[in-house]
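Okay, thanks for coming, everyone.

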Amino acid sequence: MSVQQPPWNIPDRTAPEPILKIYNSLTRTKTEFVPRNGRYVKWYNCGPTVYDASHMGHARNYVTQDILRRIMTDYFGYDVHFVMNITDIDDKIIIRARQNHLLENFRKETKSLSSELINHILSAWRSHVQGKVGKGLSESDRPTEGEEESAWPRLTERIQDNAWKQECLKRDEKFDMYFSSAIRTLSAIHTAQSRLDNGQTGLDAAHQLIDESRDILAQSLDYQLSGTVTDPAIPRSLAAFWEGQFFKDMARLKVREPDIITRVTEYVPEIVNFVERIIHNGYAYEAEGSVYFDTKSFDNAEGHNYAKLEPWSKGNRELLEDGEGALSKQSGSRSASDFALWKASKPGEPSWPSPWGSGRPGWHIECSVMASAIFGDNMDIHSGGIDLAFPHHDNEMAQSEAYHDCGSWVNYFIHTGHLHIEGLKMSKSLKNFITIDEILERHSARQLRLAFLTQLWNAKVDFSESLMTGEVRGLELTLNNFFTVVRALVSQARVDFTKSDGCHHYDTSESDLTNYFHDSRSKFRAALCDSFNTPAALDVLRDLVSKTNVYINSRGKSLNVSVVENCARWIGQMLRMFGLGEGENSEIGWGQDNHEGGAINTEEILMPYLRQLSSFRDGIRRLAMEKSDSAHKDILALCDKLRDVDLIPLGVALDDQEGEYYGKALVKLVPPADLIRARNEKRAQTEAKLAKKAAAAEAERLKRQQKMEKGRIPPQEFYKPPNVDEGIYSSWDEEGIPLTDKDGKELSKNQAKKVRKDWETQKRLHGEYLVWKDKSS
């Protein structure tokens, strides 16, 4: 009988593998993520409407989506097909482009400051106060038409009352913005009128008036002349410009480009066909050249539900109107909840041919068509900001499911939370926003990403300076210091690699740290499986850094660098996975930023270090050749200069070591700014100590000088005028000690005793004074 292997059994699992769960807006719970096709994930992300500068709200949304995408691809290993749209047809784009065009033409045509120009802008201001500011005012506060100027001082007083202002904001959330525009414009009008009265009619004065009243003037010009703007290139060029700026900003924020970018203007024929099929399926109707989605018919149809995300918002007229856009008039719709799939174009609006006449796509239809063109009748993930949930995303799903005649177009809907700045909600329409340009002047892209990582992706984020300068900066410094120390230890170990002290350096401390490291990796995965809980994942990394630092500081020459290195490399790898740095996976630290460019200029990089090396060698040679008595001291001073002066601007820190490594510096690479700051702080502390010591010495000198000055008078003259008042004493002995008072009476026993004691003291002080004076001279 042949020899056989013994039986083998599958091991029992001691700990379950965590399952990825995602907070799904369709259920408002964390649900297990199950892609339909193996590890292939179809993901559509709502892109920006490009009509102005990108701001912190964009950073919050797109950096956060980028983090989630990186976790899915780089950590969980999914094959993600990521598609994002660009909205380049929209009411906001049309209005902004039109107003910019009309205002620029008006500015060019204005040649001087005149009463006609002032009256034109004053008329626009009155209309603004009635139409825009008036929406937030109560009936009693709203000025009568024609009396806007006389009523204005009273309104500017009332707005100082915060309670009154809050009531106005309840009526219209844009009240504060409209009121500020009115204040600014009226002030510009008064300044212009004063200049005109003084004969200042120049072009600069006219342009200043136009520029300072542009918000109100642009609205007025658009109201009067919108129908004259017929060139379709005007809104397209505006959208193209801001799209380019958006992607530049995303690159600066280290956001990966989508796999596919779709633009509405490139899909208009497909949109027309899409709308035709929805009509054919019985869920849309034509009215006055526009086409509306029939929400009631869809909602009542078997297998369909309207407003899956927010069914409680179906009748919210404010949200519905906002979703339709400022240029839309739903005069032909059957219900207030019906929304436009196709809009009949009015004069001053771009248009495309369709079976219902010239028009343009509705806002909601664009994503349905473009996502369907790429992914078909179903996708795994759809993402966007929470403010888009209703009506935009609910309308998207409804019209897509009406087109495909399916029950579920999206499997997982994920929404990023609102962004608040110092407690106030950000809004581009309210002009309450910080541009990405502005924020990157104050904080790095890494710091912004860290700030978003410290908070849940689907929660409200309150962005504040205290967050950035506190938790974010503290975490970044902790990691920087950790990587600096570990890189230095690893570099030193590489130099001493061939040397062995005969010990394995793997005892209880090393075993504990290794076990903690692998436990941390499990906790990290569990945190990310818990609906991408990045705050918890960062805590795991932070705790591992702390544990490793404790080990480093406690082991001394018994330190096992390999154990430390394993921890540090994994931490750096996870940080790069989050998008906090670039570079090779084997690097210790954040990695480098990727910069485009040619080959590395070796001479440019190495020459500053080589110059310092050469200069140090020259100094050592000079001292050796001089053979002076102070050569030993001078060589040590030269070494200190190399450490404290020459290498610091190059980002090199030399730490003198004790114990086994005495006389051997630990070499660290540290950002030069950090080293310079630390050196300057140390210098300042030393100078402060020296100044304090000098001040104490000076105070002591003055105190002694004052004491010496008391001994200037010889004891023989101490009780004689002018050192005492005239007539106090009438006779003295040969040593100058008083014998009688002013009346010739002999001093009493007590008086004689006191003056003798004071005389003895003065004699001693005078003797000390003469010695001090002799030394001083």
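Let's start with Leu765, which is buried, with a relative accessible area of 12%; the cut-off for buried is under 20%. Keep in mind as we go that this is a predicted model. You'll find Leu765 in helix H24, which runs over residues 749-776. Which residues does Leu765 touch, once we leave aside its neighbours within four places in sequence? Those are Lys707, Lys710 and Gly711. And have a look at Pro715 too: Pro715 and Leu765 are 50 residues apart in sequence, but C-alpha to C-alpha they sit 9.1 Å apart in space.

Now for some helix packing. Two packed helices are described by the angle between their axes and the distance between the axes. Take helix H3, residues 115-131, and helix H7, residues 203-212: they pack at an angle of about 5°, and their axes are 11 Å apart. That makes H3 and H7 roughly parallel, because anything under 35 degrees counts that way. On the H3 side the contact is made by Leu117, Ile118 and Ile121, and on the H7 side by Ala206, Leu209 and Ile210. Sorted by class, that contact has six nonpolar residues, no polar ones and no charged ones.

The other pair I want to show is H2 with H9. Here the packing angle is about 105°, with the axes 9 Å apart. Who makes the contact? From H2 we have Ile93, Arg96, Ala97, Asn100 and His101, and from H9 we have Ile234, Pro235, Leu238 and Ala239. By class, the contact of H2 with H9 has six nonpolar, two polar and one charged residues.

Rolling a probe the size of a water molecule over the atoms shows where empty space is left. How many cavities of 30 Å³ or more does the count come to? Six. The largest cavity holds about 60 Å³ of space. Its lining is made up of Asp88, Ile89, Asp90, Ile93, Ile94, Pro232, Pro235, Arg236, Thr265, Pro350 and Trp352. And here are our helices again: the elements that give two or more residues to this lining are H2 (91-109) and H9 (233-252). By class, the lining of the largest cavity has seven nonpolar, one polar and three charged residues.

Pro722 is in the loop between helix H23 (672-710) and strand E17 (729-732).

Lys254 has phi near 65°, and you'll see Lys254 in the loop between H9 and strand E5 (260-263). Phe532 has a positive phi of about 55°, and Phe532 belongs to the loop between helix H18 (508-529) and helix H19 (534-555).

Lys254, at 25% relative accessibility, counts as partly exposed.

Definitions and conventions: Residues numbered from 1 in each chain as written. Predicted model: local features only at pLDDT ≥ 70, side-chain atom pairs only at ≥ 80, totals over all residues. Heavy atoms only, no water. 1 Å grid on protein atoms, 1.4 Å probe; cavity = no way out; pocket = protein on both sides within 12 Å on 5 of 7 lines; lining within 4 Å. Points joined across faces, edges and corners; volume = space filled by probe spheres on them. Helix = DSSP H or I, 4+ residues; strand = E, 2+ residues; numbered from the N terminus. Nonpolar A, V, L, I, M, F, W, Y, C, P; charged D, E, K, R; others polar. Buried < 20%, exposed > 50% of the residue type's maximum accessible area, 1.4 Å probe, protein only. Axes fitted to C-alpha atoms, helices over the stretch in contact; angles between N-to-C directions. Parallel < 35°, antiparallel > 145°, perpendicular 65-115°, else oblique. Contact = heavy atoms within 4.5 Å.
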